Amino acid sequence: TTVSVALKPTLPDGTYVATYRVLSGDGHPVSASFLFGVGSGPVDKTAATGGPANRVWEISGAFARFLMYLSALLAAGLAFFVAFIHDQDEDRWRLIGWARIATITAVFGAAGIIIVQAALLSGKSLSAATDGGVLGDVLDSRLGWSLGVLVMGLIAVHLSTDIRNHTASQVLALYGGLATAGSFAIWGHSTELSPIWLSTAADIVHAAAAAVWFGGIIGLLLVLRRRTDQPVASTAQIVSRFSSAAAITVALLAAAGLALSWNATGGTVDALISTTYGRLLLVKVLITAVILAIAGYNRSRLVPALVQGEAQQSAPAVVDAAAPADPGTATKDEPAPMFTDAQRATNWGLLRRAVLIEATALVVVLGITAVLVNVTPARTVIATRDRVVNQTQSVPTGTVNLVVVPARVGENTLHIQYADAAGKPIDVANTLTIEFSLPSAELAAISRQTAKAGPGHFIYTGPELSISGTWTVTVVARTSDFSEQRTTFSVPIRN
Ligand code: HEM
């Protein structure tokens with residue numbers, strides 16, 4: 001995309017800062033600025049570019065996103081827990097209370113995202129929140145649709161906790177939760193990372209599974225805290241039901257998470273270790289792996305022990321049929337207890353602690369996710385990094401800079417810029433030739449004439465870089481009828 005704006009012909013000489021703000025394809029505001037000069041003086045590189053103000057808003061945006069993820073997933077997950085996992089005992093009202101608080105917080109988080117987006121897009125800080133035009137632009141985008149679906153999902157989730165009919169409440173919790181989690185896929189990276197059908201499907205499954213898991217863990221924590229003093233068999237049943245649901249959910253979450261990761265990184269080790277996105281993703285996966293290890297231990301050891309312990313506790317005493325009928329002499333054949341009261345209490349304590357650790361670690365994972373979704377995906381970083389070769393060499397008159405775009409086999413554009421020692425563009429020649437050769441393929445030099453684009457600036461676009469390999473590009477500036485200045489660059493060209 002090319003955007004151009006004509007300069008006023010009356011601009012006085014001096015240094016200017018050109019600043020732009022656009023909404024990128026995945027919905028993030030992108031802003032940048034560059035310096036340019038009018039007249040013959042050097043460009044003042046100390047001129048302000050207005051960067052730091054954005055930083056504050058970007059951090060606020062990540063925080064609003066974190067709040068929204070945390071509370072929306074909690075609301076949806078708790079409603080699911082109440083409708084499908086809980087035994088509908090009275091303490092469900094406590095969970096419902098938390099789900100309602102989470103619903104309201106999610107709406108605040110969404111409002112925060114709108115304000116931050118408006119501030120970033122307009123550069124007007126807080127006053128953007130009252131600017132109808134800017135708010136209209138923000139809402140008339142994928143973000144508007146995403147938050148619209150989110151609010152509808154949250155309303156359904158809220159109704160599910162309000163309604164008396166259990167089946168209707170299950171339907172509302174299920175579809176409301178799906179809409180809440182699915183709303184995330186309408187805005188963000190998954191709308192831009194191809195294949196888009198895979199990113200979108202994986203995003204919906206991933207977020208829905210995250211809601212069931214996170215909301216379920218918090219639901220379980222609340223149940224365990226409420227029923228601490230008197231562990232009963234019904235609590236063990238809730239734990240067991242959640243453990244089974246979580247096993248399926250976590251498998252879906254991991255599979256969808258890996259699909260998303262593949263799409264966002266291109267599946268290369270380089271993308272994982274050399275980009276901020278890749279490193280954040282690795283930390284996220286590492287923490288998830290620790291949570292999974294704890295969850296695996298709970299499921300394979302602790303939960304069966306708890307269920308067995310509570311079943312043994314509530315089992316009726318077995319009467320020996322062969323014993324005499326006289327109640328006075330009847331012997332109760334009590335099976336030797338497998339779990340003592342102390343062991344049962346220890347197991348419940350262990351479970352409570354494990355669930356608390358899991359819940360805390362999941363909050364950290366969501367915090368990392370809120371940053372991850374605001375960072376340029378590793379695949380884009382790598383693709384952009386490879387697309388430009390930018391080299392500068394010293395020459396007697398100062399420096400010469402060569403930029404080759406996209407530095408891939410096929411048509412490329414080359415920019416050559418001469419500058420003096422202070423960085424000011426200088427005219428060393430009126431004509432400039434480029435010689436392309438590829439020594440490894442024994443390709444002899446091909447010579448091409450460039451076009452002059454400005455003081456010391458020459459451009460050439462052509463298909464000469466047609467084989468991958470390290471090309472020798474020599475720029476030849478004819479400085480007088482009898483002399484020329486030759487500068488040689490090694491330019492890697494990829495497929
Ligand atoms: C195997 C572990 C995991 C992997 C590989 C993984 C990977 C990913 C990736 C690549 C994204 C896309 C980020 C982007 O938009 O660029 C994502 C988003 C997300 N992940 Fe995970 N994740 C994992 C575990 C978790 C866990 C444990 C949770 C929380 C319970 C979670 C919650 C989320 C959420 C809420 C999103 C944002 C969805 C959106 O806004 O579109 N993830 N994850």
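I looked up Ile163 and found it partly exposed, with a relative accessible area of 37%; buried means under 20%, exposed over 50% and partly exposed in between, with a 1.4 Å probe and protein chains only. I worked on a predicted model, where local features need pLDDT of at least 70, side-chain atom pairs count only at pLDDT 80 or more, and totals for chains, interfaces and linings use all residues. Residues are numbered from 1 along each chain as its sequence is written, and side-chain values use heavy atoms, leaving out hydrogens and water.

I placed Ile163 in the loop between helix 4 (142–162) and helix 5 (166–182); helices are DSSP runs of H or I with at least four residues, numbered from the N terminus. Leaving aside neighbours within four places in sequence, I found Ile163 in contact with Ala168, Ser169 and Leu172 (contact means heavy atoms within 4.5 Å).

Next I turned to the ligand. I noted 23 residues around the ligand, the closest being Tyr69, His189, His206, Tyr277 and Lys284; a residue is near a molecule if one of its heavy atoms lies within 4 Å of it. I read 15 of the shell residues as nonpolar, six as polar and two as charged. Here Tyr and Cys count as nonpolar and Gly as polar, while the charged ones are Asp, Glu, Lys and Arg.

I found a polar side-chain atom of His189 2.6 Å from a ligand oxygen atom. For Asp203 I also read 2.6 Å, from a polar side-chain atom to an oxygen atom of the ligand.

Last, I noted that the ligand lies between domain 2 (52–187) and domain 3 (194–313 + 341–382), because both give residues to the shell; the bounds come from an automatic or database domain assignment.

Conventions. Polar contact = N/O pair within 3.5 Å; in protein donor to acceptor, adjacent residues only side chain to side chain. Helix = DSSP H or I, 4+ residues; strand = E, 2+ residues; numbered from the N terminus.
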